[in-house]
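Please look over the sequence and the structure below before reading the notes. They are written for someone new to this entry.

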Amino acid sequence: MRRRIVLTTVLAALVAIGLFGVPLAVAVARYFVTAERAELERAADSYALDVSADILRHRTPDRTPATEDPTFVAVYSPAGTLLAGAGPPTLADAGEATAAGEVLSADTSGELVVVVPISDDGSVVALVRAATARTEVYQHTGVTWLGMAGLAVVALLSAYLVARRQARRLARPLEQLSATAHDLGDGDFSIRADRAGIPEIDSVGESLDSTAERLDDLLARERAFSADASHQLRTPLAGLRLQLEAALENPKANLRDVVEAGVATTGRLDRTVTDLLALARDTPPVRDDATDLAGEFAAIETEWAPALADHDRDLVLKVEPVVAGARLSGPVLRQIMTVLLDNALRHGAGIVTVTARDAGDVLAVDVADEGEVTGTDVFDRRSPGARGTGIGLALARRLAEAEGGRLRLTRPAPALFTLLLPLEP
């Protein structure tokens with residue numbers, strides 16, 4: 001690209017120099033010829049004035065013309081015979097000049113010649129010839145052309161230097177964009193294009209940056225979905241497996257109850273996958289299954305009370321009467337409560353208390369246990385060392401925010417998490 005810009009610029013400059021320089025060179029050559037003829041005519045007129053008195057008295061002029069080499073001046077009779085001065089013995093164009101009675105250009109192959117008549121009462125009585133070698137004109141023209149050629153070379157060199165600078169200015173940001181696109185293709189979504197100060201190129205860089213951000217966000221969401229799905233599906237799958245293993249070990253188990261429990265578990269798994277996919281795509285889940293709080297918390301108690309009892313811990317559920325009949329999006333509440341109760345089961349201690357209360361137009365759900373929360377940010381998925389941090393709580397907060405709610409750590413010891421969700425109209 002750089003070579004093309006330089007070659008194109010230099011070629012354009014060369015064409016411009018040719019279009020203007022060639023006619024100018026021709027004009028310069030013509031100017032020197034015309035100027036030399038005018039100089040010859042002045043020399044001839046001056047000599048004619050000096051010898052006209054002798055010519056009119058029919059005397060041979062004895063005055064030598066005061067001219068500088070290589071200009072030669074001579075006076076001739078109307079018949080073309082040399083009377084005085086420096087010139088050929090006979091004037092070949094004497095008849096034509098005598099008949100014309102005015103200044104005549106009589107150039108030869110090697111000289112520029114001007115013939116000026118001397119008249120008396122309308123009759124030509126003598127002819128003055130002034131001549132100079134063409135090499136004199138060629139010399140002046142050549143020197144001028146050489147100067148013009150030097151200026152043309154300077155112009156071409158200037159065009160070349162400007163083209164190189166402009167080529168670097170244009171090619172460098174494009175090369176950087178190419179390198180940025182290559183890095184982006186290799187998976188480096190943090191790369192950003194530098195700004196060149198050229199609006200068109202900067203527009204391409206901004207589009208490339210926007211693409212990198214979208215790809216980075218998409219990849220982050222896909223990774224988050226994989227991690228979230230693994231975390232959220234592990235507990236229901238483990239419960240389903242335990243149900244099936246228990247049914248196999250107990251020949252007297254009611255298979256219908258086992259199958260119905262398995263179907264209910266798979267339903268929860270399906271809802272979990274749907275919610276996580278919607279969150280990964282940054283689109284709020286479509287909620288057309290608003291349910292009452294009493295039914296939701298009853299299902300939560302049925303699912304988690306046995307799991308806590310297996311660890312000699314109790315689940316206490318408190319639902320204020322004023323919100324018992326309220327309706328809200330059931331899948332969101334189930335997903336977040338699954339995270340909070342699983343967090344209390346794995347990292348907490350003592351009795352787990354769930355309290356649903358009215359907070360204006362918002363449902364407030366407190367999940368408390370007798371353990372202690374440590375760490376600077378329990379919702380940071382990148383810090384799995386502290387109690388309750390990591391994927392679970394980060395996912396629960398994202399789910400709450402996707403529904404226009406909030407999830408916060410109200411008290412670290414004993415641990416208390418508060419979930420705020422908007423109620424359905």
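The notes below cover charged pairs, a charged patch and aromatic rings.

This is a predicted model. A search of the whole structure finds six salt bridges, and one aromatic pair is also present.

**Salt bridges within a helix**
- E39 and R42 form a salt bridge, with 2.2 Å from N to O.
- Both E39 and R42 belong to helix α1 (residues 2-56), where they sit three residues apart, about one turn of the helix.
- E39 is partly exposed because its relative accessibility is 39%, and R42 is also partly exposed, at 48%.
- D342 pairs with R346 in a salt bridge whose closest N and O atoms are 2.9 Å apart.
- D342 and R346 are four residues apart in helix α8 (residues 330-347), so about one helical turn separates them.
- D342 counts as buried because its relative accessibility is 6%.

**A salt bridge between strands**
- E111 and R129 form a salt bridge, their closest N and O atoms lying 3.0 Å apart.
- E111 is in strand β4 (residues 111-120) and R129 in strand β5 (residues 123-133), so the pair ties together parts 18 residues apart in sequence.
- E111 is partly exposed, at 24% relative accessible area, whereas R129 is buried, at 6%.

**A network and a patch**
- Salt bridges link R37, D107 and R134 in a network.
- R164, R165, R168, R169 and R172 form a positive surface patch.

**Aromatic rings**
- The one aromatic pair is Y31 with F32, edge-to-face, at 5.5 Å centre to centre and 65° between the planes.
- Y31 counts as exposed, at 54% relative accessibility.

Technical notes. Residues are numbered from 1 along each chain as its sequence is written. This is a predicted model: local features need pLDDT of at least 70, side-chain atom pairs count only at pLDDT 80 or more; totals for chains, interfaces and linings use all residues. Side-chain values use heavy atoms; hydrogens and water are left out. Patches are made of residues with over 30% relative accessible area and no salt bridge: like charges are joined within 9 Å, nonpolar side chains (Val, Leu, Ile, Met, Phe, Trp, Tyr) within 5 Å. Accessible areas come from the Shrake-Rupley method with a 1.4 Å probe; for residues, only the protein chains shown count as cover. A salt bridge is a side-chain nitrogen of Lys or Arg within 4 Å of a carboxyl oxygen of Asp or Glu. Lys and Arg count as positive and Asp and Glu as negative; His and the chain ends are not counted. The place of a charge is taken as NZ of Lys, CZ of Arg, CG of Asp or CD of Glu. Rings of Phe, Tyr and Trp (its six-membered ring) pair if their centres lie within 6.5 Å; planes under 30 degrees apart count as stacked, over 60 as edge-to-face and the rest as tilted. Buried means under 20% relative accessible area, exposed over 50%, partly exposed in between (1.4 Å probe, protein chains only). Helices (H or I, at least four residues) and strands (E, at least two) are DSSP runs, numbered from the N terminus.
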